[in-house]
Amino acid sequence: MNAVRQHRLMIVDDSNIMRRKIERSQDIPQVEIVGLAGNGREALELHEQTRPTLVTMDLTMPEMDGIECVEQLVGRDPDIRILVISALADKATAIEALEKGASGFLCKPFTERQLNDALVKLIES
Amino acid sequence: MSLQGEIGTFVAAVLNYFDTAVQQPAVVGTPYLALGKAPEVFDYTGMIRISGKRKGVVYFTAPKGMLSVMLMRMQETDMSDANLRDLVGEVANTLSGNARRDFGRNFIISTPSVVAGSSTTIGYSPDTRPIVVPIDWRAYHANLVVCLN
């Protein structure tokens, strides 16, 4: 029996291989991937169309960076849960993302297990 | 932090990338100073530029074959130029991330950039001496180059 896919995930990263890695790696039955975006501006457009409940968000991206996108997404939907996935591993960056409304932070590079654990925490938060 | 400690930060970033993303460890060779000629540049290079307390460039340069096999290990089937650039850019991203974490605000670190082509010249200040850290993985050889004044 198929699990009900009650969480809608949008993946935001300017790296194609990272988007595909997250897409392939996530194996939570309740999660359906509804969109892939290459920068913050694309993510905002995709949000209009797909209404995700979960987002994985890179920080360093062209057009619009992840911090600004987090702020705008949370402004549109305060219930959205955003996992920032970034190589910027310093505390100040993580704190800034959390202050803007992100719900979690995962450092690149990551294993499949680390990604899925972080997504489960995000869902349960 | 000493120069040796700073180099350790960049080496740790590269090794962690192989351990975590590629899931197969790389081996660090004996570092050496590139005296008399510029360090070898391979097919794809991901780099960050640093200013502030120190100035210079740090880059990871690798041959196409190595990056293609790394992508395969990551279950990626598309070995296009765009994905090879993406991969070397992600390694540079981790160099940037570790540097920001370990060095603090005295260092200003650029957004990573990627260049392709083994005939590329990487510009660096003449008052710096590039330190080359060989990175060996499977049968492949790449270089991490740290060039800070």
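**View 1. Surroundings of Phe10(B) in the predicted model.** Phe10(B) touches Ile48(B), Ile50(B), Val58(B), Leu95(B), Ala99(B), Phe103(B), Leu144(B), Val146(B) and Leu148(B), residues up to four places away in sequence not being counted; contact means heavy atoms within 4.5 Å. This is a predicted model, in which local features need pLDDT of at least 70 and side-chain atom pairs count only at pLDDT 80 or more, while totals for chains, interfaces and linings use all residues. Residues are numbered from 1 along each chain as its sequence is written, chains are lettered from A and ligands numbered from 1 in the order in which they are written, and side-chain values use heavy atoms, with hydrogens and water left out. Phe10(B) belongs to helix H1 (residues 3–22) of chain B; helices (H or I, at least four residues) and strands (E, at least two) are DSSP runs, numbered from the N terminus. Phe10(B) counts as buried because its relative accessibility is 0%, where buried means under 20% relative accessible area, exposed over 50%, and partly exposed in between (1.4 Å probe, protein chains only). Along the chain, Phe10(B) and Ala92(B) are 82 residues apart, and their C-alpha atoms are separated by 9.5 Å.

**View 2. The interface of chain A and chain B.** The contact draws on 22 residues from chain A and 24 residues from chain B. About 1,700 Å² is buried between the two chains, with carbon and sulfur atoms giving 54% of this area. Buried area is the accessible area (1.4 Å probe) that two parts lose on being put together, summed over both. On the side of chain A, the most area is lost to chain B by Ile17(A), Arg24(A) and Pro109(A), which together make up 33% of what that side buries. The rule finds 8 residue pairs in polar contact across the interface, both residues being at pLDDT 80 or more. A polar contact is a pair of N or O atoms within 3.5 Å; within protein, one must be able to donate a hydrogen and the other to accept it, and residues adjacent in sequence count only if both atoms are side-chain atoms. Helix H1 (16–25), helix H4 (91–100) and helix H5 (112–124) of chain A each supply at least two residues of the side that touches chain B. H1(A) gives the most to that side, with 6 residues.

View 3. Thr94(B) is buried, with a relative accessible area of 3%. Neighbours within four places in sequence aside, Thr94(B) is in contact with Ala87(A), Lys108(A), Pro109(A), Ala13(B) and Tyr17(B). Asn98(B) is buried as well, at a relative accessible area of 11%. With such sequence neighbours again left aside, Asn98(B) contacts Ala87(A), Thr9(B), Ala12(B) and Ala13(B).

**View 4. A salt bridge between the chains.** Arg100(B) and Asp90(A) form a salt bridge, their closest N and O atoms being 3.7 Å apart. A salt bridge is a side-chain nitrogen of Lys or Arg within 4 Å of a carboxyl oxygen of Asp or Glu. Arg100(B) lies in helix H3 of chain B and Asp90(A) in the loop between strand S4 (81–86) and H4 of chain A, so the pair joins two chains. Arg100(B) counts as partly exposed at 32% relative accessibility, whereas Asp90(A) is buried at 11%.

**View 5. Salt bridges within helices.** In chain A, Asp117(A) pairs with Arg113(A) in a salt bridge with closest N and O atoms 3.4 Å apart. Both residues lie in helix H5 of chain A, 4 residues apart, about one turn of the helix. Asp117(A) is partly exposed at 39% relative accessibility, and Arg113(A) is exposed with a relative accessible area of 62%. In chain B, the side chains of Asp81(B) and Arg85(B) meet in a salt bridge (3.0 Å, N to O).

**View 6. Cysteines of chain A.** The search of the whole structure finds 0 disulfides over all chains, a disulfide being a pair of cysteine sulfur atoms within 2.5 Å. The sulfur of Cys69(A) has its closest cysteine sulfur in Cys107(A), 19 Å away, which is too far for a bond. Cys69(A) is buried, with a relative accessible area of 0%, whereas Cys107(A) is partly exposed at 33%.
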